[in-house]
There are 2 protein chains.
Amino acid sequence: MAAVITNGAATNSIAPFHSSPVQDQKKIDQALRTFRCLIADLCEQFNGGHPGGAMGMAAIGIALWKYTMKYSPTNPNYFNRDRFVLSNGHTCLFQYTFLHLVGYPAMAMEQLKSYHSACTNSICPGHPEIEHDGIEVTTGPLGQGIANAVGLAMATKHLGARYNRPGFEIVNNMTWCMIGDACLQEGVALEAIQLAGHWKLNNLVVIYDNNQITCDGSVDLCNTEDINAKMRACGWDVIEVDDGCYDVPALVAALAQARSNNIKPTFINVHTLIGIGSKVAGDAKAHGVAFGAEDVASIKTRFGMDPEQHFIVQDEVYDFFRDAVPRGETFENDWKQLLEQYAKEYPEMHQEFSLRVQGKMTDDWTKILPSKEEFPTIPTASRKSAGLCCNPLASKLHNMMVGTADLTPSVNMAWKGKVDFQNPDLKTTCGINGDYSGRYIHWGIREHAMAAISNGLAAFNKGTILPVTSTFFMFYIYAAPGVRMGALQGLQQIHIATHDSIGTGEDGPTHQPIALAVLYRAMPDILYIRPCDSEETAGAFISALKATSSPTIISLSRQNLEQYPHYSCREKAQKGAYVFVEEEDADVTLLGVGAEMVFAMRTRHLLQEKFQIKARVVSFPCQKLFESQSIEYKRSVLKYQSIPRVVIEAYAVNGWERYADAGFSMSSFGHSLPGAAAYKYFGFDEQIIAPEVAKLVGDVKLNGLDSLRGEFRDLNPIHH
Amino acid sequence: MAAVITNGAATNSIAPFHSSPVQDQKKIDQALRTFRCLIADLCEQFNGGHPGGAMGMAAIGIALWKYTMKYSPTNPNYFNRDRFVLSNGHTCLFQYTFLHLVGYPAMAMEQLKSYHSACTNSICPGHPEIEHDGIEVTTGPLGQGIANAVGLAMATKHLGARYNRPGFEIVNNMTWCMIGDACLQEGVALEAIQLAGHWKLNNLVVIYDNNQITCDGSVDLCNTEDINAKMRACGWDVIEVDDGCYDVPALVAALAQARSNNIKPTFINVHTLIGIGSKVAGDAKAHGVAFGAEDVASIKTRFGMDPEQHFIVQDEVYDFFRDAVPRGETFENDWKQLLEQYAKEYPEMHQEFSLRVQGKMTDDWTKILPSKEEFPTIPTASRKSAGLCCNPLASKLHNMMVGTADLTPSVNMAWKGKVDFQNPDLKTTCGINGDYSGRYIHWGIREHAMAAISNGLAAFNKGTILPVTSTFFMFYIYAAPGVRMGALQGLQQIHIATHDSIGTGEDGPTHQPIALAVLYRAMPDILYIRPCDSEETAGAFISALKATSSPTIISLSRQNLEQYPHYSCREKAQKGAYVFVEEEDADVTLLGVGAEMVFAMRTRHLLQEKFQIKARVVSFPCQKLFESQSIEYKRSVLKYQSIPRVVIEAYAVNGWERYADAGFSMSSFGHSLPGAAAYKYFGFDEQIIAPEVAKLVGDVKLNGLDSLRGEFRDLNPIHH
């Protein structure tokens, strides 16, 4: 049974200079009333927003920002601050308003009032965004915030394990994550909960705003599980708080107990009433709409405020929170002093730590990547090439945390001497143990959590940790919501996506990606790179390492690929596309992409031999990188004015129409066959491609290039 | 504690004419040995595949196909058969081999041998595919199979609730779902498990092949939860079987106990040894590679088989399974007789039931949709239009099961008089109850499970149930893996995707889709339709209802849209694109899409007024439908030979290059602003668009159309 903490329980707040919530009861009551009326006003002004949850959670907020969390409003990014994550991001007014009350300078009342306004530079968007002070991570759609919080808590454990020394806990912050009923239904959260329990992240506290209401009505419409029992089964400790709307002492005690948990992550199940004080309290109507002027007036009357006055925060309430700024500065100064001592005691570790705090790499990666000459010249799977690039990087660069969604034998990301990130008490059956300083992560078969937790790792302090995820490319459709949030936040990460085409083979159409590349090519602020051989794979890693403000997907083959040491070039590959084989008086440009470059090269050869057609070849690993080149460069590569361009790729062609006049591509899902046979089955064979290209070239010679333009041609004659 | 069933326990097999596994012990042992050697051989021949799991699960297979499941090899699709789902689909040889042994005519030994071969018409792909006899659903990537099984079990409950009468249980089949360690880590499975427990699907049995091995090694590398406690917390009963590799009587008893569970779904935790008999038994190496000739020989020696002989199934083993065919025919005949009696007793219900068994609609939907005249002419959100179309359909057509991922107030899918699909014992706090005959589904905040379970509903018997899912379009990125599997299987479904552009507004960039449409436009075998008003929304529903072999996404606005009764046309909309406003001697064609049609129409007007430029407008709700039109039709709509074409859509433009020479689109993520302000912020305003189009038209007049071609122009001058 859960330890139920009720009013009057112990109030062992974590810092002695905190006042006690029992002594503060009157001030707390006033703050609660003020907060709730303010939320109602803020939603009412533009007749929208999510008031109910924020109002219900007010007491939790006081317990957190007044009595529990270590943060510094005047330096929101001080390194060892506690991290707060709002997984139920629609209740963002909850967070914004507390940031205002405790004195984050940027969060003025005028900013609060810009919530849901047409103000284009508001720092109060409808869901919290990492760009703004006091926001640790853009949680976005429901469920991911828990995963982000797991990542933040991992980062602390990992950095602490590497840098802390006896008496020098230079990284020991807590992560506090607020969630609602919805988050506990999303699969990504359930995956992350398993992992946090497995890793015994005792520095992670999830606070469940248990109001039993979602948009559709009461939660028992769709969820009747025993959540406390479930969390315990997942390796969490559980505390229950009965009166989460008012009982700040009980909340403070629960949070303190959670902070002092030495063994497990803590789940605090807090019972609240959504929209407390309004006429729709406890109803789904309190969730996502303003209450209406009449109800707002009634709320204020009920809470002893003047219904005629709006956006009122009494001086007493500001006074109540005024200790937050000096307290935060003390936290930060204490930490700085500790760090100074640490620098004297452990100068080398301090130097490394400083680099990482600044977001710098711990070693010069440019010197670590293998040279072209070091790669094998025999046909090599690009997933193997990726290992040849990434393994030496990962072994040297302490920033890198590399993991896989249970495909260690397939993705080649495990380097010699790797240590697993694991709870140090764990002794695994298979004899591979680890500790928190380990940098190899067994994500299990949890692609979405892998991406969303990696966002937390990367967001801990930009550049301190560079997460590398890996799985089959097809499974990045599971991870897509998390990968997208990484892009939206501009978080540097490298996603190693192997088995990236129908060359995946026998696993069949369920595992062969066709349309997914188009998603990532169209997605803003992410690079999707398909290298054609080892040298281009090195180029892809360079692009990824240079892209400090965006994630990169490196898309790799399962099967062995021809190597093109005479043509491929890591520098040129970073331009997204480049001339691979030039040809004077060429009749056609073939765009070769990634694993399908071999078909472009063979087609070129056959066109020459059999059709006396001259083809030049362009390698096109990354559309996004190419788009950022100058128009002159683009024209020199594509020669669009003079000869037709044909793209060859075993994906849906959508989007290639920008660069090509015709395409040899896939128009259906794949088929379970050995990789080479799968290619053949779908017409990827120079004996089939070359005649189609020849026909196209013939048409153009007859009718002119313009006859072709404006109407993209699908050349693949094979349809299944 | 789990009820541990061990050898010698009760053997209450479900059909009296079954022999008893205790009596059959010798035959069972021989079958186990034979089966395991055969699996090893089948993987060895092409040096690949997944042998270990199948070998470990052999005894489970005997318990299922010999002693438990109701099925008929000679009529694999008889309606009331038990459904078997292989969620750990990589172990497909397990299923294929049992289908062979029990006499599915299509599954000859030659077919088994085609596993992993280059045979293009093999019915033994690397993961099971629904097209083939005995395969109920294409489970695909891990985790989804459990969700599919939940859908199949729901279908039984639902149809039984509607059609069964006292003494006439015409739909009462069980669903048996095999899973591995991985499935219990995937979020989609965890979502589905919650729902199955909530709905008390006592006809669902999940059999957990608990071998504690995944690709990376032992499961405790990444999962150390107490799974039995967790399943119980989710509302499941748990049975544990200690010796899952040999103890067929215990397995049969567990399955029988599960079948007779009147209250809850059952989770059977079966302890097995992966790759049993091989030298790598119990090791990750047994998972996904062939054992090598030496080990295969050793396996055979250990199991008393001749190492020199391959693919051996002794007559005694075939004999052992020979009762499956007559037994299956008896099952089917009994059911047919019952149905004949039912037809006499309940002729009307029988008639309706027969229609559904045939996959036919229970009413003529063409007459139910509102006419153009019945739609409001004032600006109307297309999500509202969708309600106006779907609500009357859903209220009349018993095939339709409509649900939402907790967005009932937003998606307008709830019709008057709807009854919820719920366990009939449930009394919800908010006073909305239901029963299994209900056709409105509260999926909770579980988008991936919504899609994957809907695949199970649709796969139960094609056409019997038409699932309609709904949520915000952005959240279909969570659902994408399931939506894709629906497309891959050709399952008719309608996905109602509301809030489909930056018009979503205040929720911000995290909720505003930019790149997602491109994924669904590129994905094979699915329609993605963006109607521009109510009339086109009706057209979208007609397309979706006609598309009996593919899912359809109808993509709808949050905000009110202008209605174009003089231009829009449901019949023409079904062609994917059509001339919306024709114009003689037009200078430019504007492609208007969905919610952004208003900008095309206003731009047309402003071009005429201010720039004396004549623009024709094409409405383009669906690329896939347009692609299937004749070349003549396409040319008549796009007039590609004569004037430039400009697409206007607030998405990433990728793919529109096929139909347009220039685009006014989005190149970044969105922004939190009220919908109208968000459009303006990103340049979607005729005052900004028209001058850009005018410039383009001017260029073309000066330099000719060909000067434009081959180099797509992005017209939007606004970049944030």
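Q: Why is F580(B) called buried?
A: In this predicted model, F580(B) has a relative accessible area of 5%, and because buried means under 20%, F580(B) is classed as buried.

Q: What makes Y567(B) partly exposed?
A: The relative accessible area of Y567(B) is 32%, and since partly exposed covers values between the 20% limit for buried and the 50% limit for exposed, Y567(B) is described as partly exposed.

Q: What parts does the pair of Y567(B) and F580(B) tie together?
A: Y567(B) lies in the loop between β18 (560-561) and α20 (570-573) of chain B, whereas F580(B) belongs to strand β19 of chain B, so the pair ties together parts that are 13 residues apart in sequence.

Q: What makes the aromatic pair of Y679(B) and F684(B) edge-to-face?
A: The planes of Y679(B) and F684(B) stand at 65° with the centres 6.0 Å apart, and because an angle over 60 degrees counts as edge-to-face, that term applies to Y679(B) and F684(B). Both Y679(B) and F684(B) are buried.

Q: How do you know that K575(B) lies over the face of Y633(B)?
A: K575(B) is at 5.1 Å from the ring centre of Y633(B), which meets the distance limit of 6 Å, while the direction must also fall within 35 degrees of the ring normal. R165(B) likewise lies over the face of Y346(B), at 5.7 Å from the ring centre.

Q: Why are β19 and β24 of chain B called edge strands?
A: The open sheet of six strands has the order β19-β21-β20-β22-β23-β24 in chain B, with mixed pairing, and the strands β19 (578-581) and β24 (713-714) of chain B each pair on one side only.

Q: How do you know that β22 and β23 of chain B pair?
A: Strand β22 (residues 645-648) and strand β23 (residues 662-664) of chain B are joined in the parallel sense over three bridges, and because at least two bridges are required, they count as a pair. Within this pairing, F664(B) in β23(B) is the bridge partner of I648(B).

Q: Which strands does helix α21 of chain B lie across?
A: Helix α21 (residues 597-611) of chain B lies across β19, β20 (588-592), β21 (615-619) and β22 of chain B, and runs at about 170° to β21(B). Helix α25 (residues 686-703) of chain B lies across β20, β22, β23 and β24 of chain B, running at about 170° to β23(B).

Q: Why is strand β3 of chain A described as largely enclosed?
A: Five of the five residues of β3 (residues 175-179) of chain A are buried, so the strand is largely enclosed by the rest of the structure. T175(A), C177(A) and I179(A) point one way from β3(A), and W176(A) and M178(A) the other way.

Q: What makes β2 and β3 of chain A a pair?
A: Strand β2 (residues 83-86) of chain A and β3(A) share four bridges in the parallel sense, and because two are enough, they pair. Five bridges also join β3(A) to strand β4 (residues 204-210) of chain A, again running parallel.

Conventions. Residues numbered from 1 in each chain as written. Chains lettered and ligands numbered in written order. Predicted model: local features only at pLDDT ≥ 70, side-chain atom pairs only at ≥ 80, totals over all residues. Heavy atoms only, no water. Helix = DSSP H or I, 4+ residues; strand = E, 2+ residues; numbered from the N terminus. Contact = heavy atoms within 4.5 Å. Axes fitted to C-alpha atoms, helices over the stretch in contact; angles between N-to-C directions. Buried < 20%, exposed > 50% of the residue type's maximum accessible area, 1.4 Å probe, protein only. Phe/Tyr/Trp six-rings, centres within 6.5 Å; stacked < 30°, edge-to-face > 60°.
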